[in-house]
Number of protein chains: 2
Amino acid sequence: VKRRELSVEEYQEGVLAGDRVVLAQAITLVESNALRHQDKAQELLRRLLPRCRDAIRIGVTGVPGAGKSTLIEALGTRLCDRGHRVAVLAVDPSSRVTGGSILGDKTRMESLSRHSNAFIRPSPSGGVLGGVARKSRETMLLCEAAGFDVILVETVGVGQSEVTVRSMVDFFMLVTITGAGDDLQGIKKGIMELTDLIVVNKADGANLIRANATRADYEQVLHYLQPATEGWLTGARTCSATTGNGIDELWQVVEQFKRVTRESGVFTRRRQKQNLEWVYTLVREQLEKNFFSHPAVKTAIPAMEKGVMEGTIAPTMAALQLLKRYSVE
Amino acid sequence: VKRRELSVEEYQEGVLAGDRVVLAQAITLVESNALRHQDKAQELLRRLLPRCRDAIRIGVTGVPGAGKSTLIEALGTRLCDRGHRVAVLAVDPSSRVTGGSILGDKTRMESLSRHSNAFIRPSPSGGVLGGVARKSRETMLLCEAAGFDVILVETVGVGQSEVTVRSMVDFFMLVTITGAGDDLQGIKKGIMELTDLIVVNKADGANLIRANATRADYEQVLHYLQPATEGWLTGARTCSATTGNGIDELWQVVEQFKRVTRESGVFTRRRQKQNLEWVYTLVREQLEKNFFSHPAVKTAIPAMEKGVMEGTIAPTMAALQLLKRYSVE
């Protein structure tokens, strides 16, 4: 049975009513690359923007196996039980390559996904790098219009995904685990300095002592790094997503962060800055997309790259030639 | 007396002959924004590219007061004495704001600037951010064609300048000093992970013990960070640019770096990658320049920014509107 396409009004009403089926359809609309859908999506977003609730946006990153999903489920379920409405999204710029390893399997968050206050959206399947990020931002807005007040954005620590997610959330959390040897060496360049809180997960059973030691190591290194958020001292905590120990404390950190940064104005200023950055990111992406999808440019790329790699053509000249091909359409 | 403008042939011959007056004029040509000069500069670079010597490009960064200039002078003079030909350039993306604080006063490198094997070029005066970087890369090529085999690029630790310089050099050096309190806390985000060597300068007199302690602190933190160059362990050294202690050892590190990375192929691969990145940086810069200098776009910016900051216009819509203004010329 082919589903009838909803009108903008129907999307609008459904989302504002918190209807999760309509919300999911609206996200699909926003993710669509069809020009007709894009116009409709823009109109929908324009109407919904003034109705967005005041949600807190939390980015969650960490290496595969650190237990991000389990942690999100544990935290999300507690928040839902207390009356929060929690949306879980995934940003995975690498999904094109890896086939989408995060949130792909909804059963990984089984209990949370059944909760009436929760909404889980796996990462878009066939995404372009910039595209996924753009859609994630729009998806956040849709969720906020639908009344979700906690947005959890999961990302895997691959490529530029942390920087992308950092640029669209209020609070950024790094989930790690303790292992054999030098734990901190597995952490990606610069990632700690994007972070508002480091969480050493799986602090339970025989692992407890080591987890506490790892936490102390992080605290020591953090001492030498600049915090990600003005006026906020990035710290390290331990928790266990399976036993639930330390999960409430994580949320207390988030609440404290919100209080402190709202009072100082840092919260609002970051949001405004993020929105402006978003505009310019979209513009740049589109300019590049137009350029590199131009037939005359596309056909010239392989020979240009070869020449530059071999040193037979100066990079300045190569750029000039590409730009000339574009202007002579 | 108005100087006659040189022909491309005259530039070419003069630069290849190592004539420093012509080299300085060629750099001015490359830095010029006049279209006529740009075409000529491109033609000159095209001719000179195959004649570039095999130089090592070294970036030197650090906070103001760390003694970068004194260190460059001490190292540069020794290298010149041993027959190397040393060019010193400055990349200062912030010169527009600060008025150009680095290398602005040639007398700061008095003895080096008088050396027949040295060439010192202060930072371009009225630079745009991307512009200065582009010209610095071209300036490096000109110096290499003129027979300089050591290129030292000085940058102040402001904004994106370290990332820019890292993307155009083989070896990146961070110059620091020891001070009262927690020395490492003054280091900018992520800077250590761009670095191939940390130099604790001013390790002399009463400061010697503290400098060694600071060096040990750095070594410890470096242990937890990923090195900037594949197969190369970033270390920390002490030196004194005024007494000369440790300066020869710095050069030994550079030589060892060159040997190791050349053997592994990392050196060449980085150069190739840097050249390709350069092409795409130039293209993106020009696309953005064309866009944001377009009258219809320019006039729309203030109202757009106001609306986005106040939350009355969705960032996606703002981007779309700007792009539409550009396409309807």
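1. Let's start with helix α9 of chain B, residues 208–222, in this predicted model. It has 15 residues and reaches 21 Å from its first C-alpha to its last, close to the 21 Å expected at 1.5 Å a residue.

2. Which residues of α9(B) are buried? They are B:A211, B:T214, B:Y218, B:V221 and B:L222. Looking down the axis of α9(B), you'd find these buried residues within an arc of 100 degrees, so they line one face of the helix. An α-helix has 3.6 residues a turn, so residues three or four places apart point the same way. The buried residues of α9(B) pack against β5, β6 and β7 of chain B.

3. Now for the sheet itself. In chain B, 7 strands make an open sheet with parallel pairing, in the order β3-β2-β4-β1-β5-β6-β7. The edges are taken by β3 (118–120) and β7 (235–238) of chain B; each has a single partner strand, so one side of each is left without a neighbour in the sheet. From one strand to the next, the twist averages 25 degrees.

4. One pairing to check by eye: β1 (residues 56–61) and β5 (residues 171–177) of chain B pair in the parallel sense over 4 bridges. B:T61 has B:L174 in β5(B) as its bridge partner.

5. Helix α4 of chain B (residues 68–81) lies across β1, β2, β3, β4, β5 and β6 of chain B. Against β4(B), helix α4(B) runs at about 175 degrees.

6. Over in chain A, is A:K40 buried or exposed? This lysine, in helix α3 (residues 35–48) of chain A, is buried because its relative accessible area is 17%, under the 20% cut-off. Beyond its neighbours within four places in sequence, A:K40 is in contact with A:E5, A:L6, A:S7, A:V8, A:Y11 and A:L29.

Conventions. Residues numbered from 1 in each chain as written. Chains lettered and ligands numbered in written order. Predicted model: local features only at pLDDT ≥ 70, side-chain atom pairs only at ≥ 80, totals over all residues. Heavy atoms only, no water. Helix = DSSP H or I, 4+ residues; strand = E, 2+ residues; numbered from the N terminus. Buried < 20%, exposed > 50% of the residue type's maximum accessible area, 1.4 Å probe, protein only. Contact = heavy atoms within 4.5 Å. Pairing = 2+ DSSP bridges. Axes fitted to C-alpha atoms, helices over the stretch in contact; angles between N-to-C directions. Expected span 1.5 Å × (residues − 1). Arc of directions from axis to C-beta.
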